[in-house]
Amino acid sequence: MSEEKIWRKRSGITWEEPLIFEKSVAGQSGFWVGPDPAVEVEKLIPAKLVRKQWAELPEVGEAEVVRHFSRLSTWNYSVDHGFYPLGSCTMKYNPKLNEFTSGLEGFTELHPEAPESYAQGMLELWSRLEQALAEICGMDAVTIQPCAGAHGELCGMLLCRAYFDDRKEKRTKVLLPDTAHGTNPASAALAGFEVVEVQTENGLLTPEAIKPHLSSELAGLMLTNPNTLGRFEKHIEEISKLVHSCGGLVYMDGANLNALMGIARPGDMGVDVMQMNLHKTFSTPHGGGGPGSGPVAVKKVLEPFLPVPRVKKEGDRLVLDCDRPKSIGRLTAWFGNALIWVRGFTYMLRMGKDGLKLASELAVLNANYIRAKLKDHYHIPYPDACMHEAVFSDHGFPGEVTTMEIAKRLIDYGFHPPTIYFPLVVHGALMIEPTETEGKARMDEFIAALLKIRDEAEANPELVKSAPHHTPVARLDEVSAARHPVLRYNPKETKGQ
Ligand SMILES: Cc1ncc(COP(=O)(O)O)c(C=O)c1O
């Protein structure tokens, strides 16, 4: 049996959609107007490097190729396709204007080694984006170089380490609440700190929980705010004061900034260093492991340690400054994901100050709308209002239907499921983040689907337990999909089978 067939069998794929390789017919191709690529290749590539045989690519006519990939594209789900309430991911709509600006030749054709004089536009965008983010967060300086939220966290923790090294202080411990996003402890540990988990009370970190850990060994605290339960850490100011009182630093994971923009500034809450996720809050593509950006904002005391290069003004020109002796060094081979900055900056200009504030207000309102409509039908672990996401659980759900089964049944109703089984502190969590993108009509449809599932669980639990019923594939073997994500397909193996 071919590897592809084994993979299909293992993954529970039973339908017979041929692969593009299986549609291959020798001699078929699309139509190409221009020089013969075979001749061109020989002109361009030295003979000793030209492959001896053509690669075994499928030979398919243009119409078949277009149909094949168009059909496959309809099997994908995306923000452009429909409501995507994946909690903690802020799957907001990415305006197409972002694509236009990030596709402008001046940005796309700019080589990272181009002399500064050729790159004044990009350097200006770089510098203005950093200033805007600093203002939104109430911080003194920003680096936009980290390429993801987790990369920003690591950068932030390296800054803390450099700060203590510079002061010749040996501080080893970093406190993390039990609600922390998984990347937080990983970043602290990678930066060389020892992670100490602190218990939250009713989903929030309290000053009392911090007090026993205050010592000269404490490097600081990492706190996600709003936290992964969609709740605002209301004790943050008092907690910051406590951490500062023993010489520690406060790191805030600002990946959930979509709930705060224009309303509250982490810098005013005592935060010394934080990252934010452009690819969530500022509407740049997110998901599927695409390029991201996790800018880091700092207070003045940490500014000398920011990664190089920094953009600075020299006369009327912008230049890249690498002469920063205390810097933690370079974070990336070049400067980061520059076209993601263009997208984020476009979004900011388009929205303006008031628009960003409104986005946050609507994101919070939408989450609370869903919460209010569902709270009598789905268990809510915390009684008070939420921020940008609403958390439910399968506790007491009829027919012993589980969170996984609710999520699978939602697919039948045409919705991408919310985040499930995270955060871990809530057993069987369903975490719904509608973002500001959704209007009332779409949210009402989603709420109606969840209410229907609840009725189904009561009347006919088996219907929910065996969902999805209306998709090309039913239950996939998710463990195999995660362990063997890449299908190595060798067309030779299937010949004659
Ligand atoms: C609270 C929080 N922190 C950190 C991250 C990590 O961000 P990234 O996936 O860009 O590394 C995420 C991801 O969405 C997040 O929700």
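Predicted model: local features only at pLDDT ≥ 70, side-chain atom pairs only at ≥ 80, totals over all residues.
## Overall build of the chain

The chain contains 17 helices and twelve strands, and its domain assignment gives domain 1 (18–75), domain 2 (96–350) and domain 3 (353–483). Between the centres of domain 1 and domain 3, taken over C-alpha atoms, there is a separation of 43 Å. Along the principal axes, the C-alpha atoms of the chain fill a box of roughly 75 × 70 × 40 Å.

A compact globule of 497 residues would have a radius of gyration near 23 Å, and the 26 Å of the chain agrees with that value. Of the 497 residues in the chain, 39% are buried. When contacts between residues at least 6 apart in sequence are considered, 73% of them join residues that are at least 24 apart.

## Helix α8 and what covers it

Helix α8 spans residues 183–190, and its buried residues are T183, N184, S187 and A188. Seen down the axis of α8, these buried residues fall within an arc of 130°, so they line one face of the helix. The cover over the buried residues of α8 includes the helix α7 (149–166), and it also includes the strands β2 (173–177), β3 (194–198), β4 (218–224) and β5 (249–254). After α8 comes G192, a residue with a positive phi, near 95°.

## Two residues with positive phi

Most residues other than glycine have a negative phi, and most peptide bonds are trans. S283, although it is not a glycine, has a positive phi of about 55°, and its place is in the loop between α11 (278–281) and β7 (296–298). S283 counts as buried because it has 27 C-beta neighbours inside 10 Å, where 20 or more are needed. Leaving aside residues up to four places away in sequence, S283 touches K92, N94, P95, N98, R343 and Y347. One of these, R343, is 60 residues apart from S283 in sequence, yet the two are 7.4 Å apart in space, C-alpha to C-alpha.

The other residue is T435, which is not a glycine either and has a positive phi near 60°. T435 lies in the loop between β12 and α14, and with 26 C-beta neighbours inside 10 Å it counts as buried.

## Two cis peptide bonds

A cis peptide bond, with omega about 0°, joins F422 and P423, and P423 has its place in the loop between β11 (419–420) and β12 (429–432). A cis peptide bond also joins A467 and P468, where omega is about 5°. The place of P468 is in the loop between α15 (461–465) and α16 (478–483).

L365 is found in helix α12, which covers residues 338–374. With 12 C-beta neighbours inside 10 Å, L365 counts as exposed, since a residue with 12 or fewer falls into that class. L365 and E389 are 24 residues apart along the chain, and their C-alpha atoms are separated by 9.6 Å.

K452 has its place in helix α14, made up of residues 440–459. There are 15 other C-beta atoms within 10 Å of K452, so this residue is partly exposed. K452 and L175 are 277 residues apart in sequence, and in space they are 42 Å apart, C-alpha to C-alpha.

Key:
Residues numbered from 1 in each chain as written. Domains from an automatic or database assignment. Helix = DSSP H or I, 4+ residues; strand = E, 2+ residues; numbered from the N terminus. Arc of directions from axis to C-beta. Contact = placed C-beta atoms within 7 Å. Rg over C-alpha atoms; globule rule 2.2 N^0.38 Å.
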